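Morning, everyone. Please look at the model on the screen while I walk you through it.

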Amino acid sequence: METVQFTRMADGTKEEYAMLRGLEAEYAAHLPERILDGLRCLDDGLAGYQVTRLGHSLQTATRAQRDGADVDMVVAALVHDIGDELAPDNHSQLAAAILRPYVRAEVTWTVLMHGLFQLRYYGHHIGLDPEAREQHRDHPWYDTCDRFCADWDQTSFDPDYPTEPLDAFAPLVREVFTRPAFDPTILQEP
C-alpha cells in the first residue's frame with residue numbers, strides 16, 4: 001500500500017494507520033535537516049539590522065556556547081528566532097513550540113518569553129512597556145530568561161563579533177531534534 005484509501009480519518013483502518021505511522025517516523029527523522037534549512041532561510045529576510053536574522057541567531061548561540069550553556073540552551077539560542085519568517089508577531093511562541101518536545105521545560109519557557117523580556121531594551125522607543133516582564137518576576141525561570149536576553153540575545157547584532165558558522169552547530173541540532181519526543185527524563189517539567 002502506497003497511499004491510504006480513506007477520505008475521512010474516522011474511516012481509516014489499522015493497517016493504513018500503521019503504514020502512515022511508519023512514514024511519519026521516517027519523515028520525523030529528517031527534522032534536524034529541516035530545522036537547519038529553516039535557519040538558512042533567516043539569512044534572507046528582515047532587513048535593517050547590521051546582521052541577518054541568521055547572523056543574529058548564530059551570534060546568540062555562539063555567545064551561549066562560549067558562556068558554557070548546555071546543549072539544550074545553545075540550540076535554543078540558535079533557533080529562538082526561527083519563527084520570525086512565518087510568525088513575526090508571535091515568533092517566540094512558534095520557536096518554543098518547535099523546541100518543546102525535545103528540551104527541558106526551563107528552556108522552552110525561556111524561548112517562549114524572550115520576546116516579552118526583550119522589551120526591556122527597546123519597548124520605551126516604540127510605545128510598549130519595557131517592564132512587561134515583571135508580571136513573571138516570581139516565576140522560577142525568570143532569571144534564566146533575563147540572562148538569555150541580557151547576555152546573549154540583545155547583544156547579538158554586532159557584525160564584528162567572531163561568530164561560529166551554522167555547520168559548527170549542526171551536530172547539536174541533530175542531537176536535540178533526534179531525541180524521543182516528550183521524553184519525561186529530558187523535559188523535566190515541574
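Buried residues make up 44% of the 190 residues in the protein chain. Buried means under 20% relative accessible area; exposed is over 50%, and partly exposed lies in between, with a 1.4 Å probe and protein chains only.

A word on where this comes from. This is a predicted model, so local features need pLDDT of at least 70, and side-chain atom pairs count only at pLDDT 80 or more, while totals for chains, interfaces and linings use all residues. Residues are numbered from 1 along each chain as its sequence is written, and side-chain values use heavy atoms, with hydrogens and water left out.

Now the overall build. The protein chain has nine helices and zero strands. Helices (H or I, at least four residues) and strands (E, at least two) are DSSP runs, numbered from the N terminus. The C-alpha atoms fill a box of roughly 55 × 35 × 30 Å along the principal axes. Take the contacts, meaning heavy atoms within 4.5 Å, with a separation of 6 or more: residues 24 or more positions apart account for 67% of them.

Next, helix α7, residues 142–153. Which of its residues are buried? They are Y142, T144, C145, D146, F148, C149, W152 and D153. Their cover includes α3, α4 (71–79) and α6 (105–122).

Two of those residues are cysteines, C145 and C149. For C145, the nearest cysteine sulfur is that of C149, 4.4 Å away. That is too far for a bond. C145 has a relative accessible area of 0%. C149 sits at 1%, so C149 counts as buried too.

Last, a helix pair. Helix α3 (residues 53–66) packs against helix α8 (residues 166–177) at about 65°, with axes 11 Å apart. Axes are lines fitted to C-alpha atoms, for helices over the stretch in contact, and angles run from 0 to 180 degrees between N-to-C directions. The two are therefore roughly perpendicular. The cut-offs: under 35 degrees is roughly parallel, over 145 roughly antiparallel, 65 to 115 roughly perpendicular, and the rest oblique.

Who meets whom, and where? L58, A61, T62 and Q65 in α3 meet L166, F169 and L172 in α8. Those contact residues divide into five nonpolar, two polar and no charged. Nonpolar covers Ala, Val, Leu, Ile, Met, Phe, Trp, Tyr, Cys and Pro; charged covers Asp, Glu, Lys and Arg; the others, Gly among them, are polar.

Key
Disulfide = S-S within 2.5 Å.
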